[in-house]
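Colleague: Before we discuss the packing, could you put the model on the screen? I would like to go through some loops, helices and cores with you.

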Amino acid sequence: MKPILLRAALLTCPFSAPVAWSAPADVVAILDGYAIRQAEVGRALWQQPELGYLEADSSALLQRELREAGFRIEAGVAGMPTAFVASYGTHGNGPVIGLLAEMDALPGMAQAAEPVRMALPGQDAGQACGHNLFGAASVGAARAIAQWLKDSGSAGQVRVYGTPAEEGGSGKVYMAKAGLFDGVDVVLHWHPSAENSAAQGTSLANTSGKFRFHGRAAHAAIAPDHGRSALDGVEALNHMANLMREHVPEGTRVHYVISNGGAAPNVVPDFAEVYYYVRHTDPAVVRDVFERLHKAAEGAAMGTGTTVEFEQTGGGFSMLPNDTLGQVMQAALQQVGGVRYDAAEQTFAQRMQQTLEERPSLEAAMQLQPYRADMAGSASTDVGDVSWNAPTAGLSTATWVPGTPAHSWQAVAASGMSIGDKGALNAAKTMALAAVQLLQSPETVRKARQEFNTRRGAEFRYRPLLQRDTPPLDYRSKAAK
């Protein structure tokens, strides 16, 4: 498989003409009626942010909202206690539409819903990628689709995939490996952002994991010769990795943090840990660069008299775009429109922009970005593996003040107040309208599948970058010996 060549050859060739249609207004009305509750659900996930694979309360709340609407729920799927699949409707007599629902927070990102930096005492995690809104809006959209199926008597099924640990834990990959997307005709998703866009494109494939070095403790002043520093092993690996940056393919990204470097300077550390990510558009490059890191780690251990072990925590494909579905999503987004601020939100946004490097006009929140089918993304997401298993399309809406970067305290703040709620409601409406259009148009679903098969290629066989059998359910826990 040659993903780079595949992308270059196929992203320039649209598979469908622009979609023009109108969906029943009752879908929008259903979501307007659920808007207050959807905001409450998103706020609950924001007020109690839970890290990857630890989203017990968040997952339970999303499941309750769906169960209340008549969904059948299978919890604890693919070896992940917080993962679930919720289904409504008939399977076999119409299209099966899947919606993704993320929920995990990020460590070290606690922040109040204020336009100035204000950490929260006693709290570490924060919704810096807006996954509280992601999960709430996907549940809202699914409820509206289910109500439409019931009221219209239409054939088809909507499924919500509760997907834990997107931030480095690759929860969706385990779901894909378990075959949970088999039989799904279309998967729709969205993501919080500072703009409104239904553009489709690629992302970066990635692999992540922790190198753990073991040495021998000793008094650093009295008997350093008796010690073998595990931290020396980590630092030797990091030095070699930084030298390697000059000699990797263009576009490769390598990041690391020392997640455990010892406890006291006067004790030679007998344990140290470093957490690495490698990214590139081509999964083959990711595999190769990470193998070189493994060799560097072995050399670092040999040179420092330590030993090293490795645990892979995540790994995912780049996104496989689908223009047919993107056109449907774009048409739905055009019906919904952008986010309009009231006076209080305008004041909040103006104050927040004083803390940002980029300060586009606040009117950008109301505007829709031009549609494209060939965006080249610089981030990674485990949605990538989903997109190679089922036709997939996504969108973003302006849940954050224009100019806000993801994984920032500013993103946390807006995700916990009305600006985030409004953007999330627009996302729910867009996905619901797109899903209803697809449920009414089996021909569009067939075209999406045809494009999917062409882009993947006849010889494609799914072989995950994530080469471990069980999820690292404790990957967000404090590093231990």
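Colleague: Which residues does G183 touch, not counting residues up to four places away in sequence?

Modeller: This is a predicted model, in which local features need pLDDT of at least 70 and side-chain atom pairs count only at pLDDT 80 or more, while totals for chains, interfaces and linings use all residues. Residues are numbered from 1 along each chain as its sequence is written, and side-chain values use heavy atoms, with hydrogens and water left out. G183 sits in the loop between α5 (171–177) and β5 (186–193), where helices (H or I, at least four residues) and strands (E, at least two) are DSSP runs numbered from the N terminus. Taking contact as heavy atoms within 4.5 Å, and not counting residues up to four places away in sequence, the residues that G183 touches are H91 and V96.

Colleague: Is G183 buried or exposed, or partly exposed, and what is its relative accessible area?

Modeller: Buried means under 20% relative accessible area, exposed over 50% and partly exposed in between, with a 1.4 Å probe and protein chains only. G183 is therefore partly exposed, its relative accessible area being 45%.

Colleague: Which class of accessibility does S170 fall into, given its relative accessible area of 6%?

Modeller: S170 lies in the loop between β4 (157–163) and α5, and it has a positive phi of about 60° although it is not a glycine. Most residues other than glycine have a negative phi. With a relative accessible area of 6%, S170 is buried.

Colleague: What is the phi of A78, which is not a glycine?

Modeller: A78 is placed in the loop between β1 (72–75) and β2 (84–89), and at 24% relative accessibility it counts as partly exposed. Although A78 is not a glycine, its phi is positive, at about 55°.

Colleague: How are α8 and α12 oriented to each other?

Modeller: The axes, which are lines fitted to C-alpha atoms over the stretch in contact, with angles running from 0 to 180 degrees between N-to-C directions, come within 8 Å for helix α8 (residues 323–336) and helix α12 (residues 418–439), and they cross at roughly 130°. Angles under 35 degrees count as roughly parallel, over 145 as roughly antiparallel, 65 to 115 as roughly perpendicular and the rest as oblique. The orientation of α8 and α12 is therefore oblique.

Colleague: And how is α9 oriented to α12?

Modeller: The axes of helix α9 (residues 343–353) and α12 come within 10 Å and cross at roughly 110°. This makes the orientation of α9 to α12 roughly perpendicular.

Colleague: Which residues of α12 meet E345, F348 and A349 in α9?

Modeller: The contact of α9 with α12 has E345, F348 and A349 on the α9 side. On the α12 side, the residues are S418, I419 and K422.

Colleague: Which residues does D421 touch, not counting residues up to four places away in sequence?

Modeller: D421 is found in helix α12 and is buried, with a relative accessible area of 14%. Not counting residues up to four places away in sequence, D421 touches A39, R43 and L133.

Colleague: How many residues has the largest nonpolar core?

Modeller: A nonpolar core is a set of buried Ala, Val, Leu, Ile, Met, Phe, Trp, Tyr and Cys residues joined through side-chain atoms within 4.5 Å. In the largest one, the residues with the most contacts inside it are F71, V158, M175, L188 and W190, and the number of residues is 80.
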